[in-house]
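The following paragraphs go through a structure element by element. Please keep the sequence and the coordinates at hand while reading.

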Amino acid sequence: MRVGVHINRFNHPEGAPALGAELAAAGAAAEAAGVSWLSVMDHYFQMEFNGGAEDAMLEAYTTLGFLAAHTETVQLGALVTGVTYRHPGLLAKIATTLDVLSGGRATLGIGAAWYDREHEGLGVPFPTLAERFERLEETLRICLQMWDPATNGPFEGAHYRLAETLCVPAPVSSPRPEIMIGGSGEKKTLRLVARYGDACNLFATSPEEVTHKLDVLRRHCDTEGRDYAEIRKTMTYTADAADAADGGDLDAFTRDITGYAKLGIDTVILAPRTGAPAEWIERFTAPAVQRLADLD
C-alpha cells in the first residue's frame, strides 16, 4: 500500500505570504518521504468543517502548477474537481497543461460537486444533483475525446456542445492522464468509475464499508464489461490517528490501516488538518510510508 498526501488547509500561521515557501517545502518533503501522490482540494471557499468560507483557500490548478515546478516524481491531482467549476473543454485543457509541464504526472480527479455555498457566493450555476451527474458523464466523454487525437471533431451532448475537440499539445502521459472519480455513491458514481475511471477514491469509513463499496464497484465492472483489476483503488484517511494537530499516532494509524491492507487499496491518502504540512510530512508521513510498505 502506497501513501499520498492531500493538502487541504492554507491557514499558515504566518499568513498568505508564507504559503508559497510552505507548499514548496511540502512538495520536497513528500518526495523525500517516498509519497506517491500529492493533491489539493478544488474549492472556491474553504469547507465548513475545515474552518469555513472565511478561512484561506487557493485555486487548485494554479497551486498544482506551482507544485509541479517544485517536484519531480510525485503524481499530482485535485481531490476532486467539481464538474460545475469549469467548462469541460477548458478543464481538459487545464489538466493537459499540468500533465505536459509536470512531465506526465497529472491525474484528473473529478466528481459531481456538492458545496452549494461557494457556487451561490461566486455566482456559479449549481444544477440539481441529477443534472450534475449528467454533466459529469458528458465531461468524462469530452475529456476522453479531447485526449484521443484520432477523434477530433464535434461533441453533441444534452448540456455541452463543442464544434471541435482539439487539444494541442497532447498530454505526455501514456496513453493519457489518469482519471480518478471521487465519491462512493453506489448507483451513479461507482457506475461511472466502472465505465470511465482509471481510479476511484473512497473514504476510510471502516474496512467493512469499504469492502461493500468495492463489491458494488466489482458488480458495475461486470455489467460494463470492465476488468475490475484495471481500476486503481484509493481512499482518503482523516482519522484522529493521523491528525497533525495532535502530532499523529503512528502505531494507532498502523493498527487502523491494517484492516484495509488486504482489500486491494493501492494508495491511502492522508489529509492532515494543518496549514503547515511540511514538518508533519517529515515527522509522520515518512515513517508511515515505511510502515505501509511492510504490511502483508
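Contact means heavy atoms within 4.5 Å. This is a predicted model, in which local features need pLDDT of at least 70 and side-chain atom pairs count only at pLDDT 80 or more, whereas totals for chains, interfaces and linings use all residues. Residues are numbered from 1 along each chain as its sequence is written, and side-chain values use heavy atoms, with hydrogens and water left out. Helices (H or I, at least four residues) and strands (E, at least two) are DSSP runs, numbered from the N terminus.

Ala199 sits in strand β9. Leaving aside neighbours within four places in sequence, Ala199 is in contact with Glu178, Ile179, Met180, Ile181, Val193, Ile231 and Arg232. Between Ala199 and Arg232, which are 33 residues apart along the chain, the C-alpha separation is 4.3 Å. Ala199 counts as buried because its relative accessibility is 0%; buried means under 20% relative accessible area, exposed over 50%, and partly exposed in between (1.4 Å probe, protein chains only).

Strand β9 (199-203) also takes part in the surroundings of helix α7: the buried residues of α7 pack against α6 (189-196), β9 and β10 (232-237). Helix α7 covers residues 207-224, has 18 residues and reaches 25 Å from its first C-alpha to its last, close to the 26 Å expected at 1.5 Å a residue. That expected span is 1.5 Å times one less than the number of residues. Which residues of α7 are buried? They are Val210, Lys213, Leu214, Val216, Leu217, His220 and Cys221. Seen down the axis of α7, these buried residues fall within an arc of 155 degrees, so they line one face of the helix; the arc is that of the directions from the helix axis to the C-beta atoms. An α-helix has 3.6 residues a turn, so residues three or four places apart point the same way. Glu208, Asp222 and Thr223 are exposed on the other side of α7. Just after this helix, Gly225 has a positive phi of about 70 degrees.

Helix α5 also has 18 residues and reaches 25 Å from its first C-alpha to its last, close to the expected 26 Å. Its buried residues are Arg132, Phe133, Arg135, Leu136, Glu137, Glu138, Thr139, Leu140, Ile142, Cys143, Gln145 and Met146. What covers them includes α3 (88-101), β5 (106-111), β6 (155-156), β7 (161-162), β8 (178-182) and α6.

Thr139, in α5, is buried, with a relative accessible area of 1%. Apart from neighbours within four places in sequence, Thr139 is in contact with Val83, Pro88, Leu91, Ile110 and Tyr160. Arg141 is also found in α5 (residues 129-146), but Arg141 counts as partly exposed, at 38% relative accessibility. Not counting residues up to four places away in sequence, Arg141 touches Phe155 and Tyr196.

The last topic is a helix pair. Two packed helices are described by the angle between their axes and the distance between the axes. The axes of α8 (residues 250-258) and α9 (residues 277-293) come within 11 Å and cross at roughly 40 degrees; axes are lines fitted to C-alpha atoms, for helices over the stretch in contact, and angles run from 0 to 180 degrees between N-to-C directions. Leu250, Asp251, Phe253, Thr254 and Ile257 of α8 make the contact with Phe284, Pro287, Ala288, Arg291 and Leu292 of α9.
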